[in-house]
Amino acid sequence: MSKLFSRIAGLFTSRAQVGVDKAGNRYFARKEEVDGIMKEKRWVLFKGEDDPTSIPVEWICWLNGQRKKAPTPEEMMELEARRELVRQNVALLKKEEEERRAKEGTRGKPISIVGGPDLKSFIQQFPTASEGGKVGEASGPMDGLRDSQEKAAEKEKLDTQFSEPTGSGQTFRPGTWQPPT
């Protein structure tokens with residue numbers, strides 16, 4: 001019980017305020033011995049309701065131990081000025097882009113596709129499910145003249161050509177492979 005009381009009392013007596021951010025949040029640190037090792041504990045007391053989104057990035061880094069020293073007020077002012085400059089540049093670029101688009105919209109020629117690509121002939125180049133891996137011939141009026149026996153013979157030829165695995169198996173030697181020519 002006394003350890004708990006001393007910890008609570010130590011929380012208020014040995015804490016040192018490290019800084020305050022623009023939103024009024026106050027940051028504290030204290031040294032504490034944990035398992036014989038001195039460690040620094042860092043925390044924030046929010047002004048108003050607890051809103052973690054109100055903490056600036058620099059203070060988050062300090063709280064997480066990614067920074068050794070807390071951000072100074074001068075550093076925070078410099079970073080805020082840089083962020084404001086970036087916001088102004090973004091607004092300027094957006095305005096220029098809108099003006100450019102407005103000019104192109106009044107002067108630019110409308111784009112129209114008169115004779116688009118013939119998609120039917122393009123799609124006919126690819127094999128259908130019944131043709132398997134056959135590529136190259138497009139179906140057309142000549143398909144009706146083909147003999148059904150000829151189709152069956154081609155299909156059988158393709159099936160036997162690709163159904164049997166081929167490989168070097170026992171004769172494979174590492175480092176001797178060459179791409180097919």
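What follows is a chat about why parts of this predicted model get the labels they do.

Trainee: Let's start with the sheet. What makes E1 and E2 a pair of strands?

Mentor: Two strands pair if there are at least two bridges between them. E1 and strand E2 (residues 26-34) have four bridges, in the antiparallel sense, so they pair. In one of those bridges, Gly-19 has Tyr-27 in E2 as its partner.

Trainee: And why are E1 and E3 said to stand at the edges?

Mentor: The open sheet has three strands in the order E1-E2-E3, with antiparallel pairing. Strand E1 (16-20) and strand E3 (37-45) each have a single partner strand, so one side of each has no neighbour in the sheet. From one strand to the next, the twist averages 30°.

Trainee: On to the rings. Why is the pair of Tyr-27 and Trp-59 called stacked?

Mentor: The centres must lie within 6.5 Å, and planes under 30 degrees apart count as stacked. Here you get 4.0 Å centre to centre and 5° between the planes, so Tyr-27 and Trp-59 qualify as a stacked pair. Tyr-27 sits in strand E2 and Trp-59 in helix H2, 32 residues apart, so the pair links distant parts of the chain.

Trainee: What makes Trp-59 and Trp-62 edge-to-face, then?

Mentor: For that label the planes must be over 60 degrees apart. Trp-59 and Trp-62 have 85° between the planes and 5.6 Å centre to centre, so they are an edge-to-face pair. They are three residues apart in helix H2, which means about one helical turn separates them. Tyr-27, Trp-59 and Trp-62 form one aromatic cluster.

Trainee: How do you know that Trp-59 is buried or exposed?

Mentor: Buried means under 20% relative accessible area. Trp-59 comes in at 1%, so it is buried. Trp-62, at 2%, is buried too.

Trainee: Which label does Glu-58 get, buried or exposed, and why?

Mentor: Glu-58 has 9% relative accessibility, so it counts as buried. This residue belongs to helix H2 (residues 57-63).

Trainee: Last one: what does the side chain of Arg-42 reach?

Mentor: Arg-42, in strand E3, reaches the backbone oxygen of Arg-67 at 2.9 Å. A polar atom of the Arg-42 side chain also lies 2.5 Å from the backbone oxygen of Trp-62.

How values were computed. Residues are numbered from 1 along each chain as its sequence is written. This is a predicted model: local features need pLDDT of at least 70, side-chain atom pairs count only at pLDDT 80 or more; totals for chains, interfaces and linings use all residues. Side-chain values use heavy atoms; hydrogens and water are left out. Helices (H or I, at least four residues) and strands (E, at least two) are DSSP runs, numbered from the N terminus. Axes are lines fitted to C-alpha atoms, for helices over the stretch in contact, and angles run from 0 to 180 degrees between N-to-C directions. Buried means under 20% relative accessible area, exposed over 50%, partly exposed in between (1.4 Å probe, protein chains only). A polar contact is a pair of N or O atoms within 3.5 Å; within protein, one must be able to donate a hydrogen and the other to accept it, and residues adjacent in sequence count only if both atoms are side-chain atoms. Rings of Phe, Tyr and Trp (its six-membered ring) pair if their centres lie within 6.5 Å; planes under 30 degrees apart count as stacked, over 60 as edge-to-face and the rest as tilted.
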